[in-house]
Each structure stands twice: as structure tokens, then as C-alpha cells.
Amino acid sequence: MTTIGPRLETLTPKNVEDALAIRIRPDQEDAVEPVAHSLAEAYVWPGVAWPRLIVDDGRAVGFLMAFLDIDWKGDGTLVRSGLWRLNIAAEEQGRGYGRFAVESVAAELRRRGGSEMYVTWHPGPTGPENFYLGLGFEPNGETSGGQTVGVLKLH
């Protein structure tokens with residue numbers, strides 16, 4: 001049976017090579033880490049990192065990684081969840097997979113009882129700021145590692 005539309009898959013030995021093969025546009029490489037970097041972070045942040053392969057019609061079209069209940073300040077005073085990484089294959093961009101990824105993470109956070117979703121982005125002409133603003137994220141005045149912090153209310 002073929003599933004209509006994109007879906008998320010848990011990373012497994014069967015699909016990890018598909019995930020590692022995802023390449024974004026060269027002009028975006030300074031704005032997002034490669035999938036291999038994300039998988040290394042997922043390995044050292046078990047229970048916090050939520051990596052998923054985005055698949056449509058039997059092909060890997062992207063990768064996302066959410067962060068779940070991370071200690072934002074490192075001192076236990078502020079816990080947040082959100083989208084940590086989003087890599088849409090260069091040839092698949094502009095087809096709604098990024099929106100699908102954000103909506104999928106938002107749905108997972110709602111399922112877990114969350115009321116906000118966070119994301120960070122590199123400012124600049126090749127960065128994803130307009131994409132995130134168009135989905136309803138609002139900068140909250142913070143930066144993290146030189147990136148803008150945005151928040152989406154999950155009503």
C-alpha cells in the first residue's frame with residue numbers, strides 16, 4: 001500500500017544512508033549543519049533529540065530533528081522544545097516539505113502537551129527567516145549562537 005503525501009520515518013539501519021545522502025543548496029550550507037552532524041548530536045543527546053527522515057513516494061526528500069524539553073539556559077530554569085534542524089534536499093525545495101516538517105513537529109509537541117515551539121535561524125539573504133515568519137514564528141528578542149530565536153504559539 002502506498003501512502004499519499006509525505007510522512008516521517010524513524011531513522012533505522014535501513015534508511016540512514018538515505019538520510020546521509022540529503023544535500024541542501026550550496027548557498028544554504030552556512031545556515032544549516034549537514035545531516036551527519038545532526039545524527040552525531042542525536043547520538044549524544046538521547047531523549048532530547050528527535051531525528052526523522054521525511055519521505056514521499058518512496059524517496060527521502062528531507063530530514064528534520066526536533067529538540068524535546070531541552071534545558072535552554074543549562075541551569076534548569078528554562079525548558080523548551082522545538083525544531084532543531086531542517087534539511088530539505090535541494091531538488092525537493094519549494095514543494096511544501098518544509099511546511100510539512102514544521103507542522104509535523106508542532107503536532108508532536110502538541111501531542112506531548114506543549115504550548116510553544118521554538119526555532120533558531122541564521123539572519124541573512126540566504127537564511128530561512130522569511131520561511132519561518134511566513135509560518136507564524138515570531139522573533140522573541142533573543143539570540144542563540146548568533147541566530148535569531150523564534151517562537152510559535154501552539155494553540
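Reader: How much accessible surface does the protein chain have, and what share of it belongs to carbon and sulfur atoms?
Author: Good place to start! This is a predicted model, in which local features need pLDDT of at least 70 and side-chain atom pairs count only at pLDDT 80 or more, while totals for chains, interfaces and linings use all residues. Residues are numbered from 1 along each chain as its sequence is written, and side-chain values use heavy atoms, leaving out hydrogens and water. By the Shrake-Rupley method with a 1.4 Å probe, where for residues only the protein chains shown count as cover, the surface of the protein chain comes to about 8600 Å², and the carbon and sulfur share is 51%.

Reader: Which pattern does the protein chain follow along the sequence?
Author: Helices (H or I, at least four residues) and strands (E, at least two) are DSSP runs, numbered from the N terminus. The protein chain has four helices and seven strands. Read in order, they give β-α-α-β-β-β-α-β-α-β-β.

Reader: What is the radius of gyration of the protein chain?
Author: This radius is taken over C-alpha atoms, and the globule rule is 2.2 Å times the number of residues to the power 0.38. For 155 residues the rule gives 15 Å, and the protein chain is close to that, so it is as compact as a globular protein of that length. Its radius of gyration is 15 Å.

Reader: Is Ala 49 buried or exposed?
Author: Buried means under 20% relative accessible area, exposed over 50%, and partly exposed in between (1.4 Å probe, protein chains only). Ala 49 is found in strand β2, residues 49-56. Its relative accessible area is 14%, so Ala 49 is buried.

Reader: Which residues does Ala 49 touch?
Author: Contact means heavy atoms within 4.5 Å. Residues up to four places away in sequence are not counted here. That leaves Ala 42, Met 65, Ala 66 and Trp 84.

Reader: Where do the buried residues of α2 fall, seen down its axis?
Author: In helix α2 (residues 35-44), the buried residues are Val 35, Ser 38, Leu 39, Glu 41 and Ala 42. They fall within an arc of 160°, so they line one face of the helix; the arc is that of the directions from the helix axis to the C-beta atoms. On the other side of α2, Tyr 43 and Val 44 are exposed. The buried residues pack against α1 (16-20), β2, β3 (59-71) and β4 (79-88).

Reader: How many aromatic pairs does the count come to?
Author: Rings of Phe, Tyr and Trp (its six-membered ring) pair if their centres lie within 6.5 Å; planes under 30 degrees apart count as stacked, over 60 as edge-to-face and the rest as tilted. By this rule the count is five.

Reader: What kind of pair do Phe 67 and Trp 72 form?
Author: Their centres are 5.9 Å apart, with 35° between the planes. Phe 67 counts as buried at 6% relative accessibility, and Trp 72 as partly exposed at 23%. The pair of Phe 67 and Trp 72 is tilted.

Reader: How many residues apart in sequence are the parts that Trp 72 and Tyr 118 tie together?
Author: Trp 72 and Tyr 118 form a tilted pair, 6.1 Å centre to centre with 40° between the planes. Trp 72 lies in the loop between β3 and β4, and Tyr 118 in strand β5 (residues 116-121), so the pair ties together parts whose separation in sequence is 46 residues.
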